[in-house]
Structure formats: C-alpha cells, structure tokens
Amino acid sequence: MGRLQGKHALVTGGTSGIGYAIAERFLREGATVVITGRDRELGHRAVAALRASGQAGFVPADAGDPDAVARSVDLAVRQLGGLDVLVNNAGIGTQASLLDTPLADYDRVMNVNVRGYLLYAQAAHPHLARGRRGCMIHIASDAGVWGEQSIGLYSVSKAAVVMLGKMLALDAGQDGVRSNVLCPGDTWPGMRHMAPPGDEDRPESGDWPVPPIGRIGQSRDVAAAAVFYASDEAEFITGTTLLVDGGMTAGYLQRERSLRTEHGTEPGPTTGHTLPRPHPRPQPGHLA
C-alpha cells in the first residue's frame, strides 16, 4: 500500500516539471490526482502519460484568473469525489532586477505566483476541511529565502509564498488543515515560463552552479518531499518551510567553490584562498 493510498490531490501547474513529477509520484503512492495548466494540448498529453501510473485527470485553468481557479477546483472535486491535498505549484517569472521590472510584469507575476496561490487555497479549503485531515503544499523557491537579484520580482513573489504558507497554517489549523512550503533550488528541467520583460517565455538553459551535495536537483527530489508533507506521517507538521536545494543556501563560500571548475580560480584578496573569477550568474532553475 502506498503512502497516499485513498487520497485525492489537486496539483496546479502539473503539466510539466516539478508539478508533473509530484503528480506522478502521488499516483504511484496510491493517490488519485487532477492536474491543471493553461495549455490544453500539453495538459492532455501529460494526463495521458500520467494514467500509466494511476487515475489522473486534467482541468484547464489559468492561476491568474479568479473565475478559472474557482471553476477548476469545483471540477477537480467532482472528478476526484473529494479533496485531501492541494499542491500550489503554478508559477511564472521574469528575468530582470526589480528596478528594471515593468509594472505589467509585476501584475502578471504576482497575480499567478501569489494571488493565484491564495485563490486556490481559499477555494480548496472548505473541501480540505471536511475530513479534518486536509493538506496544502505551496511550491516556493530558495530565491524566496535568500533572494536573487537577476530575478528580483520572482524572489519577492516566492518570499510572499513562504509567509502565505505560514498564515494559512494559522487560519486553517483549527479545521485540521495543514499548510507547508517547499523551496526547491535549481531543479532540472527548469521553468517553462521565464524570460526578460517583453520576450516570449522560453525554457531555462539549465546552466547552474552545482550545490554542495554534488549534483543539480531533479524534480523527483521535490516530489519526494511533497509525498512526505501530504502523507499521514506529517500529520503534526504545519507552518513549516523545507529547502530542497542540495545545501546551496547553507553558505556563500560553498556556493562560490561550486563554480571553480567551470570559471577558473584566483587568489582571495586577503586570505590567499582561491575564489572564482567574476562571471555572469546563470539564471536560476526554480520551477514553480
């Protein structure tokens, strides 16, 4: 018997990347799953593949559209016959510093990454509360913990998700509903919706520094953490934030050392230790 046997889960932004990996792992652990996404064709292909692992469905929805959010939750509950787990994963970003971010991009990113999470939580909460064992899992990013200047607004939005998860834990706890946050680091295959202002969305390159654990994160790493949060093993865990980043945020020195083999070294200015030469920071690979 799987760790999520008999549970019903809704995974937003589940047509690719981390969302797809979470949906697939949930199915293998015995859950039934509905995924959402904006791209209908991609959604139908994804759910066809997911059905090899279990009972899955797809509902088209834009997390930035309040009506679409409410409709997708209602349709998902009908398909599933109830709701035990909400995974807030749909997300987008823009490659720009905050001072260079147009207002239109601010509205677009915050509407999906923050307002969308709140809307899904509000719509799902009554269903999650019925069995007094419901669970919300919000996918944020390590950029929401220590910030990344090159994706300033994305960092701000994910920091908001971290606090959103805590406040929802306080609000929903009396109804037996838990709320926790996962913060992935650079994770293959990266985000589908990340580009400079004015450019069309495109996938990330995947050219990222290697964390202390010695490899780049995989979507399965985040999926494994999501299974734990969704399972009964975590029934007393709520209001927490878990970094799934291979130790990248453990310290700046280790982060710098991880770049040496690719960018060369030079003596440190005062200690004689070798430090990496200045280089353009590759765009991060947070998928949310």
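So, which way does α1 pass α7, in a left-handed or a right-handed crossing? It's right-handed. Keep in mind that this is a predicted model.

Okay, α1 and α7. Their axes are 8 Å apart, and the helices pack at an angle of about 50 degrees. That angle makes α1 oblique to α7. Who's doing the touching? On the α1 side you've got Gly-17, Ile-18, Ala-21, Ile-22, Arg-25 and Phe-26. On the α7 side the list runs Ser-219, Arg-220, Val-222, Ala-223, Ala-224, Ala-226, Val-227 and Ala-230. Sort those by class and you get ten nonpolar, two polar and two charged residues.

Now α1 has another partner, α2. Helix α1 covers residues 17-28, and its axis comes within 10 Å of the α2 axis, crossing at roughly 30 degrees. The cut-off for roughly parallel is under 35 degrees, and α1 and α2 are therefore roughly parallel to each other. The handedness here is right-handed. From α1, the residues involved are Tyr-20, Ala-23, Glu-24 and Leu-27, and they meet Ala-46, Ala-49 and Leu-50 from α2. In that contact there are six nonpolar residues, one charged and no polar ones.

Glu-41 pairs with Arg-45, with the closest N and O atoms 3.1 Å apart. These two sit four residues apart in the helix, which spans residues 40-50, so about one helical turn separates them. Glu-41 is exposed, at 57% relative accessible area, and Arg-45 is partly exposed at 49%.

How many salt bridges does the count come to? Eight. One is Lys-7 with Asp-232, where the closest N and O atoms are 3.2 Å apart. Lys-7 is in the segment before β1, and Asp-232 is in the loop between α7 and β11, so this pair ties together parts 225 residues apart in sequence. Lys-7 counts as buried, at 11% relative accessibility, while Asp-232 is partly exposed at 39%.

The other is Arg-133 with Glu-235, and the closest N and O atoms are 3.2 Å apart there. Arg-133 comes from the loop between α4 and β6, Glu-235 from the loop between α7 and β11, so parts 102 residues apart in sequence get tied together. Arg-133 is partly exposed at 44%, and Glu-235 is exposed at 51%. And here's the bit I like: Lys-7, Arg-133, Asp-232 and Glu-235 are linked in a network of salt bridges.

Last stop, Thr-94. You'll find it in strand β5, residues 93-94. Is Thr-94 buried or exposed? Buried, with a relative accessible area of 0%. Leaving out residues up to four places away in sequence, Thr-94 touches a list that includes Thr-101, Asp-105, Arg-108 and Val-109, then Ser-150, Ile-151 and Leu-153, and also Met-194, Ala-195, Pro-196 and Pro-197. Take Leu-153: along the chain, Thr-94 and Leu-153 are 59 residues apart, and their C-alpha atoms are separated by 7.2 Å.

That's what I've got, folks.

Key. Residues are numbered from 1 along each chain as its sequence is written. This is a predicted model: local features need pLDDT of at least 70, side-chain atom pairs count only at pLDDT 80 or more; totals for chains, interfaces and linings use all residues. Side-chain values use heavy atoms; hydrogens and water are left out. A salt bridge is a side-chain nitrogen of Lys or Arg within 4 Å of a carboxyl oxygen of Asp or Glu. Buried means under 20% relative accessible area, exposed over 50%, partly exposed in between (1.4 Å probe, protein chains only). Axes are lines fitted to C-alpha atoms, for helices over the stretch in contact, and angles run from 0 to 180 degrees between N-to-C directions. Angles under 35 degrees count as roughly parallel, over 145 as roughly antiparallel, 65 to 115 as roughly perpendicular and the rest as oblique. A crossing is left-handed if the near helix is turned anticlockwise from the far one by less than a right angle, and right-handed if clockwise. Contact means heavy atoms within 4.5 Å. Ala, Val, Leu, Ile, Met, Phe, Trp, Tyr, Cys and Pro count as nonpolar, Asp, Glu, Lys and Arg as charged, and the others, Gly among them, as polar.
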